[in-house]
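Subject: Structure handover and notes on helix packing

Dear colleague,

I am passing on the structure below for your own work. Please look it over before reading the notes that come after it.

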Amino acid sequence: MEHIDVPFLDLVTPHLEMEEQLISVFRKALHSAGFIGGTPVQQFEEAFAQFCDVEHCVGAGSGTDALRFALTAAGVSSGDSILTVPNTFIATTEAITQAGAVPEFVDVDERTYNLDAEKLREYLEVHCNLDPSSGRPVSRRTGRTITAIVPVHLYGQMADMDPILDLARIYNLLVIEDACQAHGAEYYSREQQRWLKAGSIGSAAAFSFYPGKNLGACGEAGAVTTNSPEIAATVRKLRDHGQAAKYYHDIEGYNGRLDAIQAGILHAKLARLPEWNAQRRQLAQRYNEQLSDVEDVVVPFEPSCSHAIYHLYVVRVPDRQEMQDSLKAAGIGSGIHYPVPLHLQQAYIGLGYRAGDLRVTERISAEIVSLPIYPQLTEAQQDKVVTAIKECLIAVGRVS
């Protein structure tokens, strides 16, 4: 078994730090037999809604469930097209197709790796016709009406939301945030002249609490946030077989509920999230300081309108495989998020995209590598990562 000095992700230490508190959550569930719904779920929903500065939070079984429910509750239906990015996890597009719609891809900004608002404008103006009756664009690619935009707040940094919202208003489009990697991230709205939390800007937003997230459950979990009581009410039905009351089904729904034990665990961890996010930001700044003068390493770009929470710390290097091999040889874990853009995945070959269609995404997908970053990462471990990167570049003659 290979020796790892610096794991890519440490999920053991934070849980051991909170061991007694987390065990007490399980003990309460055992003593009450409250495993589904109930007070723990309601308490977490209220706390997370407050954390995100929204009126409503509805727990779900996963982030994928949350995004599917948010899209459906907001009005997305069969036959629609939804605009999103190809540089994201497939759950984004799974939720779109499972809501009955078809994803269409817009390229990303080369610095932030998030949805490029100018390319979005170009897509709507050049690649669509306007339906005068609805005011919505009709895609020339698919012939379908575009009804929504799903910006993804990737790696813990929010997309540039002001111009996205402006375009949504012009074209009568919904905006559903994929905030699955952005728990606590903030965006400064020049239009509103204030900082806004991830999950509070669109008609609704989806969060994932997969264990590796900044706020992670001990299993699968997710949530929808919204300021719309109608969307919240519909999501509550969708997650629970369409029930308005027990055995009274207003609509056909899903089994997508948040377990009470996971809700209790998330509620306990939520109190630590601001501290954990601050530690991630400090580690990211330290990486930036040590790597910014290394010519062949492109560190993350954080614009002035962003307060990122660094779910991932992603750099770009000329030879990713060589870099990952060197890190592995030094006992350091790394990751790739994501190696194959969605428009080139076998699962979406039927959408008709080809290599070269989304050039920025395709270029960065060959160069990105995710370095270890988590609150428990020590400075000594981080120094080891930086040293290994520099030694790799020296070995291949890129740094003297």
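This is a predicted model: local features need pLDDT of at least 70, side-chain atom pairs count only at pLDDT 80 or more; totals for chains, interfaces and linings use all residues.

Residues are numbered from 1 along each chain as its sequence is written, and side-chain values use heavy atoms, with hydrogens and water left out.

Helix α4

Helices (H or I, at least four residues) and strands (E, at least two) are DSSP runs, numbered from the N terminus. Helix α4, residues 63–74, has twelve residues and reaches 16 Å from its first C-alpha to its last, close to the 16 Å expected at 1.5 Å a residue, where the expected span is 1.5 Å times one less than the number of residues. Ten of the twelve residues of α4 are buried, so the helix is largely enclosed by the rest of the structure; buried means under 20% relative accessible area, exposed over 50% and partly exposed in between, with a 1.4 Å probe and protein chains only. The buried residues of α4, among them Gly63, Arg68 and Phe69, pack against β1 (56–60), α5 (91–98), β7 (174–178), β10 (204–208), β11 (222–226) and α8 (229–238), contact meaning heavy atoms within 4.5 Å. Asp65, which lies in α4, counts as buried at 13% relative accessibility, and, not counting residues up to four places away in sequence, Asp65 touches Ala60 and Gly256.

α4 against α8

The axes of α4 and α8 are 9 Å apart, and the two helices pack at an angle of about 125 degrees; axes are lines fitted to C-alpha atoms, for helices over the stretch in contact, and angles run from 0 to 180 degrees between N-to-C directions. The two helices are therefore oblique to each other, given that angles under 35 degrees count as roughly parallel, over 145 as roughly antiparallel, 65 to 115 as roughly perpendicular and the rest as oblique. The crossing of α4 and α8 is right-handed, that is, the near helix is turned clockwise from the far one by less than a right angle, with anticlockwise being left-handed. Phe69, Ala70, Thr72, Ala73 and Ala74 of α4 make this contact with Ile231, Thr234, Val235 and Leu238 of α8.

α11 against α13

Helix α11 (residues 320–329) and helix α13 (residues 379–395) have axes that come within 9 Å and cross at roughly 130 degrees, and α11 and α13 are therefore oblique to each other. Here too the crossing is right-handed. On the α11 side, Glu322, Met323, Ser326 and Leu327 meet Val385, Ala388, Ile389, Cys392 and Leu393 in α13.

Helix α10

For helix α10 (residues 273–291), the 19 residues should span 27 Å at 1.5 Å a residue, which agrees with end C-alpha atoms that are 27 Å apart. The buried residues of α10, including Trp276 and Tyr287, pack against α1 (13–17), α3 (39–51), α9 (260–270), β15 (313–316), β16 (368–371) and α13. Arg281, also found in α10, is partly exposed, with a relative accessible area of 26%. Leaving aside neighbours within four places in sequence, Arg281 is in contact with Glu302, His307, Ala308 and Tyr310. Arg281 and Tyr374 are 93 residues apart in sequence and 9.6 Å apart in space, C-alpha to C-alpha.

With best wishes
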